[in-house]
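Colleague: Before I plan anything around this model, could you show me how to read its charged and aromatic side chains?

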Amino acid sequence: MIRAIVSFFVFIVDVAYGKRSYARFYLLETIARVPYFSFLSVLHLYETIGFWRKADWLKVHFAETWNELHHLLIMESLGGNRYWGDRFVAQHVAIAYYWVVVPIYMLSPQYAYYLMELIENHAYHTYDDYLKTHEEELKAQPAPQIAIDYYRDGDLYMFEEVQTQPSGEFRRPNVDNLYDIFLNIRDDECEHVKTMEMLQKPEARQTFKSPHSILESRHSALALKPANLDEMV
């Protein structure tokens, strides 16, 4: 079933829209953010009825929707949503996709995360192929302001929350031209893949933390650690 869903997604994105890049990316981003809405809805339900409370999961999934939203806004700024037919297809597929993912997530979060891993992995390779074939063209075009605000000039907390397992420092990408923006979007998709992989692990329910929670834990541990032997005495 998971493979069938992914195959349908790939058909819509690669076959039906394969020759219209920005409309294709608009469709991809409209659909790709929907599972995170499904995850959030189910997690909110579980917390409301007292079944399960995972604040870090809610925070990360919301940050992922925020990330995908800005991918979508970038594609809209490039004209990807220009035609009514494209908006109609994207929105109706997204509605159906939401109601497909909700029961999968309730029955098996691992399978839902595996589905999202495959979708995000496909998105990564879609953008990677586009970068390789349109490098010079993209480098000659300016970066959209919405992308500059999200990746550099705005409040970067939400951007940092999608960066899995930060090694002390968060990613600070370039935003000098449109090539940089598509490169950043591609790398964001890679972060989503890593997060989905982590959430499929059997111990994830006990161990998964958001990037900022991990850093806060590290800082707390360092603050409690004695600086030298004299302090230990």
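The dialogue below goes through salt bridges, aromatic rings and a surface patch in turn.

Modeller: Please keep in mind that this is a predicted model, in which local features need pLDDT of at least 70 and side-chain atom pairs count only at pLDDT 80 or more, whereas totals for chains, interfaces and linings use all residues. Residues are numbered from 1 along each chain as its sequence is written, and side-chain values use heavy atoms, with hydrogens and water left out.

Colleague: How many salt bridges does a search of the whole structure find?

Modeller: A salt bridge here is a side-chain nitrogen of Lys or Arg within 4 Å of a carboxyl oxygen of Asp or Glu. The search gives 10 of them. One of these joins Asp128 to Arg186, with 2.8 Å between the closest N and O atoms. Because Asp128 belongs to helix α6 (residues 109-133) and Arg186 to helix α10, this pair ties together parts that are 58 residues apart in sequence; helices are DSSP runs of H or I with at least four residues, numbered from the N terminus. Asp128 and Arg186 also belong to a network of salt bridges that includes Lys132 and Asp187.

Colleague: Are Asp128 and Arg186 buried or exposed?

Modeller: The word buried means under 20% relative accessible area, exposed means over 50%, and partly exposed is in between, using a 1.4 Å probe and protein chains only. Both Asp128 and Arg186 are buried.

Colleague: Which residue forms a salt bridge with Asp188?

Modeller: Its partner is Arg171, and the closest N and O atoms are 2.7 Å apart. Since Asp188 lies in helix α10 and Arg171 in the loop between α9 (157-160) and α10, the pair ties together parts 17 residues apart in sequence. Asp188 is buried, its relative accessible area being 0%, and Arg171 counts as buried at 19%.

Colleague: What does Glu191 touch, leaving aside residues up to four places away in sequence?

Modeller: Taking contact to mean heavy atoms within 4.5 Å, Glu191 touches Val162, Gln163, Thr164 and Arg171. Glu191 is found in helix α10 (residues 178-199) and counts as buried because its relative accessibility is 10%. Its side chain meets that of Lys194 in a salt bridge at 3.4 Å, N to O, the two residues lying 3 apart in helix α10, about one turn. Lys194, at 32% relative accessibility, counts as partly exposed.

Colleague: How many aromatic pairs does the count come to?

Modeller: Rings of Phe, Tyr and Trp (its six-membered ring) pair if their centres lie within 6.5 Å, and planes under 30 degrees apart count as stacked, over 60 as edge-to-face and the rest as tilted. By this rule there are 21 aromatic pairs. Tyr150 and Phe159 have ring centres 5.5 Å apart and planes at 70 degrees, so they form an edge-to-face pair, and both residues are buried. Elsewhere, ring pairs link a cluster whose members include Phe51, Trp52 and Trp57.

Colleague: Which charged end sits over the ring of Trp52?

Modeller: The test asks for NZ of Lys or CZ of Arg within 6 Å of the ring centre and within 35 degrees of the ring normal. Arg205 has its charged end over the ring of Trp52, 4.2 Å from the centre, and the charged end of Lys139 sits over the ring of Tyr179 at 4.9 Å.

Colleague: Where is the place of Phe51?

Modeller: Phe51 is in the loop between α3 (34-48) and α4 (55-77), and it counts as exposed at 54% relative accessibility.
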